[in-house]
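Please look through the sequence and the 3D structure shown here before reading on. The report after them is written for a careful first reading.

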Amino acid sequence: MKTDDLIRGLAADAQRQRSLESGLALALAAGLAGAVALFAMILSPRAGMPGLLMEPRVLMKFVVSLSLAAVSVWLALRLARPGADARPLAWALAVPGSVLAVGVAAELLVTPAQGWMPGLVGHNAVYCLSLVTLMGAPVLAAALFALKRGAPEHPAWAGAAGGALAGSLGAALYALHCVDDSPLFVLTWYGLAIGFMTAAGALIGRRTLSW
Amino acid sequence: MDDRERRWMQLMQAALAGDQPSYERLLREIAPAIRSVVERRLRQMGAPTGESEDVVQETLLAVHLKRHTWRPSDPLGPWLRTIARNKLVDHLRRRGRRAEVPVEDFADLLAAPEERPSTEADDVERHLALLPDKQRSVIRSIAVEGASVGETAERMRMTPGAVRVALHRAFASLSARLKADE
């Protein structure tokens, strides 16, 4: 085909397209609806829930996971745009990182050493891992679906950002149920679950997000 | 940012709002610029420059299908360079050449000459032949024969909406087939 002909054809297909942001927002709404449905089927909010948010250790779980989710959205959108450098945004990961670091430091300073290990092991570590992953799965699918409309230079990185987003939203949902409040537990098990989702996002993204 | 980039950005903004003439003008202006840069890169790499039109067409397809990833607040140059480089790398990889093409190599895209006649390309043509009948006929009617969406709809006994959908799907599957063509 002649390039001039191709151009004529492309121009005839000039309908308005949904922006990357609104595409991601719509997909995330659907993915979150799926995750909430899973939560409603399997779990229930822990006793005393809205009130417990005044408790610093409980609040920290939400601040860490939701701020990581926000940074991940920002990174994913940047990574999905050709020619946009996402590296300057990586510093924003320090926000959830430092909140968690402060929480862990406070725990180590304030609580006696013999409580550290029981806190870390918690009551439901395996449960936590599998449920964060399970509730993150619909969000991951939705995020990758939306990012597929993007044009990432590094598909694995864009997929990783989508995975971190899915993992952190799954973690935020699980935190509504989770009775393990030690920052050591959050660091270890939430961290593992989110890390797993990030790796899964990178692996799937590498294959599906190239264009 | 030079005048040309500014003009292209205005055209692209209009294009994103659905302005077809501006979009066509933009594509006609960026095609020679892409062509000249791609030819030079292929020559530097000792690859046949006869393949450059394939890369130009793949780049135009990608620009089209990914145009919503450009934001009016961003400069157009880096966006366009990255897409062109990605498609050149893809093309070289498909032809079995290891490809390390720094994006800086495309820095002169915006300074490339405006006039450079196109040569023949066959990758798109080859994949076009493999598309479902309806998509292929719609592309042929609109792109090659220059018919409007309305005329094509009448001729093919489809609604104009169905013609638009078929046209869009055809470009999306052309691009996917080019990508998968190892």
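This is a predicted model: local features need pLDDT of at least 70, side-chain atom pairs count only at pLDDT 80 or more; totals for chains, interfaces and linings use all residues.

Residues are numbered from 1 along each chain as its sequence is written, while chains are lettered from A and ligands numbered from 1 in the order in which they are written.

The model as a whole scores ipTM 0.91 and pTM 0.91. The table gives the confidence of each chain as pLDDT, which is the predictor's confidence in each residue, from 0 to 100.

| Chain | Average pLDDT | Residues scoring at least 70 |
|---|---|---|
| Chain A | 96 | 100% |
| Chain B | 89 | 91% |

Within chain A, the lowest confidence falls in helix α3 (residues 49-52), with a mean of 89, and the highest in α8(A), at 98.

Chain B contains 8 helices and 0 strands, where helices (H or I, at least four residues) and strands (E, at least two) are DSSP runs, numbered from the N terminus. Its C-alpha trace spans about 50 × 35 × 25 Å along the principal axes. The radius of gyration of chain B is 17 Å, which agrees with the value near 16 Å that a compact globule of 182 residues would have; this radius is taken over C-alpha atoms, and the globule rule is 2.2 Å times the number of residues to the power 0.38. Of the 182 residues of chain B, 42% count as buried, and a residue is buried if 20 or more other C-beta atoms lie within 10 Å of its own, exposed if 12 or fewer, and partly exposed in between, with C-beta atoms placed from the backbone.

Chain B is divided into domain 1 (3-111) and domain 2 (123-180), with bounds that come from an automatic or database domain assignment. The C-alpha centres of these two domains of chain B lie 22 Å apart. Their contact takes 8 residues from domain 1 of chain B and 8 residues from domain 2 of chain B, two residues being in contact if their C-beta atoms, placed from the backbone, lie within 7 Å. On the side of domain 1 of chain B that touches domain 2 of chain B, helix α3 (residues 52-65) of chain B gives the most, with 7 residues.

The contact between the chains takes 43 residues from chain B and 29 residues from chain A. On the side of chain B that touches chain A, the residues divide into 22 nonpolar, 11 polar and 10 charged; here Ala, Val, Leu, Ile, Met, Phe, Trp, Tyr, Cys and Pro count as nonpolar, Asp, Glu, Lys and Arg as charged, and the others, Gly among them, as polar.

In chain A, helix α8 (residues 155-175) is largely enclosed by the rest of the structure, because 20 of the 21 residues of α8(A) are buried. Pro50(A), by contrast, is found in helix α3 of chain A and is exposed, with 8 other C-beta atoms within 10 Å. Although Pro50(A) and Leu176(A) are 126 residues apart in sequence, they are 8.9 Å apart in space, C-alpha to C-alpha.

In chain B, Arg157(B) is found in the loop between α7 (149-156) and α8. Arg157(B) has a positive phi of about 55° although it is not a glycine, and it counts as exposed, with 7 C-beta neighbours inside 10 Å.
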